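Notebook open, structure loaded. I'll jot down what I look up as I go.

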Amino acid sequence: MFILKSQQQIEKAINRAKAIRPRVSVKALGRYSVEGHAATYTVTCERRNGQKVVDCSCPAGQHGTPCYHSAAAVGLHICLAEQTSH
Ligand SMILES: [Zn+2]
């Protein structure tokens with residue numbers, strides 16, 4: 001789990017996501033399933049006390065490292081959140 005403060009913070013993860021292009025499926029708004037190389041992980045994006053909290057079920061995500069699963073899900077989440085807020 002990590003707190004998303006800026007796009008730069010997850011830039012490396014975004015670049016990895018662009019290279020790897022994991023398949024992301026939407027389970028619900030803020031809840032995604034990301035298919036990586038070895039396994040499929042669940043990523044959640046939610047607001048807690050005004051902070052954007054991102055959580056991925058992969059080992060890196062469990063240690064607070066922004067992984068490419070999170071980056072892929074965050075990218076989609078931002079698109080969906082913008083669409084639903086209109
Ligand atoms: Zn992950």
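This is a predicted model: local features need pLDDT of at least 70, side-chain atom pairs count only at pLDDT 80 or more; totals for chains, interfaces and linings use all residues.

Which residues of helix 3 are buried? I get Tyr68, His69, Ser70, Ala71, Ala72, Ala73, Val74 and His77. Buried here takes 20 or more other C-beta atoms within 10 Å of the residue's own, with C-beta atoms placed from the backbone.

Residues are numbered from 1 along each chain as its sequence is written.

I checked the span of helix 3 (residues 68-84): its 17 residues reach 24 Å from first C-alpha to last, close to the 24 Å expected. The expected span is 1.5 Å times one less than the number of residues.

Next I listed the elements, and they run β-α-β-β-β-β-α-α from the N terminus. Helices (H or I, at least four residues) and strands (E, at least two) are DSSP runs, numbered from the N terminus.

Then the hairpins. Strand 3 (residues 31-35) pairs antiparallel with strand 4 (residues 40-48) over 5 bridges; pairing needs at least two DSSP bridges. I find Glu35 bridged to Thr40, and 4 residues between the two strands. Strand 4 also runs antiparallel to strand 5 (residues 51-56), joined by 6 bridges, with Glu46 partnered by Val53. In that hairpin, 2 residues separate the strands and Asn49 takes a positive phi near 50°.

The C-alpha atoms fill a box of roughly 35 × 20 × 20 Å along the principal axes.

Notes
A residue is buried if 20 or more other C-beta atoms lie within 10 Å of its own, exposed if 12 or fewer, and partly exposed in between; C-beta atoms are placed from the backbone.
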